[in-house]
Amino acid sequence: MTILPNHRVTRRALLTGAALGAVGLTLAACGSTGGAGSGASSAGRTVTVLTHDSFHVPEEFIAAFESRTGLTLELVPAGDAGELVNKLVLTKDAPLGDAVFGIDNTFASRALDEGVIDTGAKVTLPAGADVEQYLVEGSRALVPIDFGEVCLNTDTAWFQAHGLAEPTTFEDLTRPEYKNLSVLINPTTSSTGLAFLIATIGHFGEDAWQQYWKDLVANGAKIDEGWSDAYYTDFSGSGEGGAYPIVVSYSSSPAATVSEDGKTSSTASVLATATRQVEYAGVLAGAANPEGGVAFIEWMLSVEVQESIPDNMYMYPVNSQAALSEQMTAFGAVSPDPVVVAPAQISAHREAWLAAWTEAVGA
């Protein structure tokens, strides 16, 4: 395996203790996975995969994949979802790799429209792969690998100590009692921030979302450039001394703040503010090793890798046969009714929305 420079695990790799359990899965089990062996015909070749910066699969699993297929996996971190797609578009006449992982639903339509994904690639889906509901415009060229939910998180201990009820809706953040309590994320510099912006657009509608953001700023909301600054520096619930008890994060984040006895979490997610974020993989058009790209995608859908995703990339598997850790099951609940905005609508309006957001907040 080769990991090129600048690789860093950023926004989701928080569950260090739980991740050890995922790494402990046996190589024999990983090696016995069906479906991911279609790269055998490419034995001895390199498969180059562009990824978002949060990509992380246990090295033991990668070694087993390479041993079984004869492929050498070269991982190329390429920024967040937006940066990743921009690089693919700029280099589509001379693709930088064979496959990509980490395009999310806010940029998926653009990747398809720009022709950077091989629409003829044939990926064999394992039993239990829940992909139909996540397909972009009905196309199987981009294969759903995992999903998460961006939403507000709260520091439950802070609210208990101050005798204040925790917020339960978007609207609560603009009420006087929540003044100067929220840290949000710039959608022009963060895919997490963009997802939350889209959630507010889906919730309030085209006629009211800008006023909502003006009200947030007027009520003392702080806006950070990225998730790490918001969660680790400014959020009081991260244990790093932050001053804001409300933050934009993930519905799975409370699984990272579980007590030593595993019975409680010091943070909670506000599921009424959740929006579904889906991450996709695809073979790149013009890839030198498309068979290796297919093998990589099928491997990502295997039960073993899918089970490692929640504890290593902080997302949920799309393969229903994959089990979740106790922490994720108990404290990482997903919303029964997340805010949904169609990928095609996001693609059509994303730049206009970002410009309107910048005007609304005075950035």
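This is a predicted model: local features need pLDDT of at least 70, side-chain atom pairs count only at pLDDT 80 or more; totals for chains, interfaces and linings use all residues.
Turning from the surface to the interior, buried residues make up 55% of the 363 residues in the chain. The chain is built with 13 helices and ten strands, and when contacts between residues at least 6 apart in sequence are considered, 79% of them join residues at least 24 apart.

The largest nonpolar core holds 100 residues, and the members that touch the most other members are Ile103, Ile117, Trp213, Phe296, Trp299 and Met300. If residues up to four places away in sequence are not counted, Phe296 touches Val49, Phe55, Phe65, Leu73, Ala99 and Phe101.

Is Leu354 buried or exposed? Leu354 counts as buried because its relative accessibility is 12%, and the cut-off for buried is under 20%. Between Leu354 and Asn186 there are 168 residues of separation in sequence, while their C-alpha atoms lie 9.6 Å apart in space. With residues up to four places away in sequence again left out, Leu354 touches Pro187, Thr188, Leu194 and Leu197.

The contacts of the two residues followed here are set out below.

| Residue | Residues touched, not counting those up to four places away in sequence |
|---|---|
| Phe296 | Val49, Phe55, Phe65, Leu73, Ala99 and Phe101 |
| Leu354 | Pro187, Thr188, Leu194 and Leu197 |

Definitions and conventions: Residues are numbered from 1 along each chain as its sequence is written. Side-chain values use heavy atoms; hydrogens and water are left out. Helices (H or I, at least four residues) and strands (E, at least two) are DSSP runs, numbered from the N terminus. Buried means under 20% relative accessible area, exposed over 50%, partly exposed in between (1.4 Å probe, protein chains only). Contact means heavy atoms within 4.5 Å. A nonpolar core is a set of buried Ala, Val, Leu, Ile, Met, Phe, Trp, Tyr and Cys residues joined through side-chain atoms within 4.5 Å.
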